[in-house]
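Notebook open, structure loading. I want to look at the ligand site and then at the sheet.

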Amino acid sequence: MSQATPAKALALGTALVTGASSGIGAVYAERLAKRGHDLILVARDEARLNAAAGKLRADHGISVLVLPADLSTEAGISAVERRLESDPSITLLVNNAGIGVAATLAETSTANVTGLVQLNVLAAARLATTAARAFTPRGHGTIVNIASVLGLVAELFNPVYNATKAFVLSLSQNMHRELSPSGIRVQAVLPGITRTEIFERAGGNIAAYPPEMIMEVHEMVDAALSGLDQGEIVTIPSLPDAGDFETFTQARLALGPNLSRNHAAPRYRVSVPA
Ligand SMILES: NC(=O)c1ccc[n+]([C@@H]2O[C@H](COP(=O)([O-])OP(=O)(O)OC[C@H]3O[C@@H](n4cnc5c(N)ncnc54)[C@H](OP(=O)(O)O)[C@@H]3O)[C@@H](O)[C@H]2O)c1
């Protein structure tokens, strides 16, 4: 930390934001700085992180630490885990770093599949778990996991990407169940198409989507933070009626009593010849 910490930042604590060098993570960093959080910024591009950190310190008078890490590697994940474990000032993890893919499953290379799972699933799960372990004895702390609306969609886009985001949604909802009694907050954010670099980085083009489906990144992050302030567990910034997600959840929960029984359903019962 490079500057004296104002009293407000001490009260709010430090937010560790992964994928803070661009897009959604960079806007989270800026919005959280504005709220008075000190920051730890994680991504691979150190020069970009340093530039952002300098501006955030100058504009908001907070402390900003840059922690360069490649979260698709064991060394990168471990470095961030060590920070989460050893820095009691951290009160908020924004688990955001992620990559996309602009290809059908048949076109997706083995390296792409590995990269998607390492970053979007393995790193996300390891960091969320480590943060939960660090926060639990303190009885407070917040974990924001950036999923995607594609985690709810099996009819469009890339099966592996969508599945990584379904993983993050399930992880978050189940973490909420386990951790809320200990005072830990968990929020899953499900952005729709948001104007960032992710499309170009994945070899796609955001201009291919209808403009009425594309949200500007500041609006998306402000909505997600509003959802956090309102105590939501799942925030879908685009969804006009939150009741629609509640209806979906209730339909899923209604399956519960019948998902594990001691006999197969009648339609699967095989009649054994006498
Ligand atoms: N934009 C959308 O439409 C959209 C919709 C739904 C969900 N999301 C999710 O939102 C999250 C943020 O994406 P974005 O749209 O803001 O994309 P973005 O602008 O491409 O930002 C991705 C961030 O992740 C970092 N990152 C990528 N690979 C990394 C690695 N191996 N190790 C550490 N950091 C890495 C990048 O920084 P470096 O390159 O410096 O490492 C960058 O800071 C992702 O989880 C994405 O799946 C995005």
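My entries on the ligand and the sheet follow.

I'm working on a predicted model, so I keep in mind that local features need pLDDT of at least 70, side-chain atom pairs count only at pLDDT 80 or more, and totals for chains, interfaces and linings use all residues. Residues are numbered from 1 along each chain as its sequence is written, and side-chain values use heavy atoms, with hydrogens and water left out.

Ligand first. I found 32 residues around the ligand, with Arg 44, Tyr 161, Thr 194, Thr 196 and Arg 201 the closest (near means a heavy atom within 4 Å). By class I get 15 nonpolar, eleven polar and six charged residues in that shell; Ala, Val, Leu, Ile, Met, Phe, Trp, Tyr, Cys and Pro count as nonpolar, Asp, Glu, Lys and Arg as charged, the others, Gly among them, as polar.

Next I checked N or O pairs within 3.5 Å. Arg 44 puts a polar side-chain atom 2.7 Å from a ligand oxygen. For Ser 22, I read 2.9 Å between a side-chain N or O atom and an oxygen of the ligand. Asp 45 uses a polar backbone atom, 3.0 Å from a ligand oxygen. The ligand alone exposes 880 Å², and the protein buries 97% of that (Shrake-Rupley, 1.4 Å probe).

Then the sheet. I see seven strands in an open, parallel sheet, ordered 3-2-1-4-5-6-7 (strands are DSSP E runs of at least two residues; a pair needs at least two bridges). Strand 3 (64-68) and strand 7 (234-235) sit at the edges, each pairing on one side only. Five bridges join strand 1 (residues 14-18) to strand 2 (residues 38-43), and Val 17 stands opposite Leu 41 in strand 2.

Definitions and conventions. A polar contact is a pair of N or O atoms within 3.5 Å; within protein, one must be able to donate a hydrogen and the other to accept it, and residues adjacent in sequence count only if both atoms are side-chain atoms. Helices (H or I, at least four residues) and strands (E, at least two) are DSSP runs, numbered from the N terminus.
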